[in-house]
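Hi,

Here is the structure I promised to send over. Have a look at it first, and my notes follow below.

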Amino acid sequence: MSFLPALVLGLALIPALTLPLSAGKADGKLDLWWCDSEGGGSTLIVTPEGESLLIDSGNPGGRDSARILRVLTQTAGLRQLDHLIVTHLHIDHFGGAAEIAAQVPIRHVWDNGVSDADPDGNRNSTWPLTSKPYRTMPVGQRHRVEPGTAIPLQAGKTPISLRCLITRQQPAEGLYPVRKAGGSAPVLKAPDSSDNANSSAWVLEFGNFRFFDAGDLTWNVETRLVWPEIRVPEVDLLQVTHHGLDVSNHPRLLAALNPTVSVMNNGPTKGTAGEVLATLRGLPRLEAQYQLHRNRRPDGATNNIPDAFIANTQPGTAHPIHCAVAPDGGTYSITLPAGPVTRTYTTARRR
Ligand SMILES: [Zn+2]
């Protein structure tokens, strides 16, 4: 199906046509939502110009795509998805995409390139079948992400950019000033040979505000961003990598990013590793950690954060976490809609 019929079909199926075209344009804010895909990736960004970007699309099966579409069409009032970025080819990151494409037009898809060959290298895998909806879904244009790729975004009063820091294990050159790393070489762990290692990592900038999302980038590959030179900027808001698993989240990378606030897209029984929570707690500038879910594994008695910072403390709810960045990028507010509880933080480089 070409792009145009997809557009017509999408408009026909979405009941939100009477809503305003954009929630962002009216207030000049940049909005981010962590839609709940219970341990998948599904971060929706809406710019002040009303452009939408979804970084990863949750799992297949209707649940996650419905939650993403609810925020996109009803909360943000949008009729299309301008950019879908798939950080890597695991089902909890691309699985909901075809279901979204069946409901709204997706203008651009950005990934590391997809074929019928299993990206994890497994023989006799179900990959050709499970990936087919994603590989064949109707979209406007498909793009292969490269280190340094910048997603084209409409400029408003406050400069905005979303750029790729690393993908397929290759760091970008020249995006940020390079600093020599001190100390000894970073400690490595057993390699993860799956496609997690090829995840693309992104920095969203809006004025002085910076947000980091690295999909499921793994521990050893993370060190390429901080050794022997530090190639990442300091950021305000960190999406905790890989749902908070300890095969990711190298302390040297987190120290270099030096965030003020972290958000973990964990599930009730996925992510939230004790080692990662301890690393986050030890960061010098960190003011707050958020989680989508209370960790319900047996280790949840110790490996959790206070309920006041968790979007879903009880079974059966699927509240997103929302961040609204002020029109000048100088402050940002995180809301847990269940409350609602809103807390406001100051962008680091404005202090
Ligand atoms: Zn994942």
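Before the notes, one definition: helices are DSSP runs of H or I with at least four residues, strands are DSSP runs of E with at least two, and both are numbered from the N terminus. This is a predicted model, in which local features need pLDDT of at least 70 and side-chain atom pairs count only at pLDDT 80 or more, while totals for chains, interfaces and linings use all residues. Residues are numbered from 1 along each chain as its sequence is written, and side-chain values use heavy atoms, with hydrogens and water left out.

With that settled, K29 sits in the loop between α2 (23-27) and β1 (30-34). K29 counts as partly exposed because its relative accessibility is 32% (buried means under 20% relative accessible area, exposed over 50%, partly exposed in between, using a 1.4 Å probe and protein chains only).

Now the overall picture. I count 10 helices and 19 strands in the protein. Its radius of gyration is 19 Å, close to the 20 Å that the globule rule gives for 351 residues, so the protein is as compact as a globular protein of that length (the radius is taken over C-alpha atoms, and the rule is 2.2 Å times the number of residues to the power 0.38). The C-alpha trace spans about 60 × 50 × 45 Å along its principal axes, and 57% of the 351 residues are buried.

D92 (OD), H93 (NE2), D216 (OD) and H243 (NE2) coordinate the zinc ion at 2.1 to 2.2 Å. Donors here are N, O and S atoms within 2.8 Å of the metal (3.2 Å for Na, K and Ca), and water is not among the atoms, so sites may look incomplete. The angles among the four donor atoms run from 87 to 150°, and the site is irregular. For that label, four donors are tetrahedral if all angles lie between 85 and 135 degrees; four are square planar and six octahedral if opposite donors are over 155 degrees apart and all others between 65 and 115; anything else is irregular. The donor spacing in sequence reads D-H-x122-D-x26-H. Distant parts of the chain are linked here: D92 belongs to helix α4 (residues 91-94), and H243, 151 residues apart from it, to the loop between β13 (237-240) and α9 (251-257).

Q169 is another non-glycine with a positive phi, about 75°. Q169 lies in the loop between β7 (160-167) and β8 (170-171) and is partly exposed, at 22% relative accessible area.

Two more spots to check on screen. A cis peptide bond joins W227 and P228, with omega at about 0°; P228 is in the loop between α8 (219-222) and β12 (229-230). L336, in strand β18 (residues 331-336), is buried, with a relative accessible area of 4%. The C-alpha atoms of L336 and A311 are 5.5 Å apart, although 25 residues separate them along the chain.

Cheers
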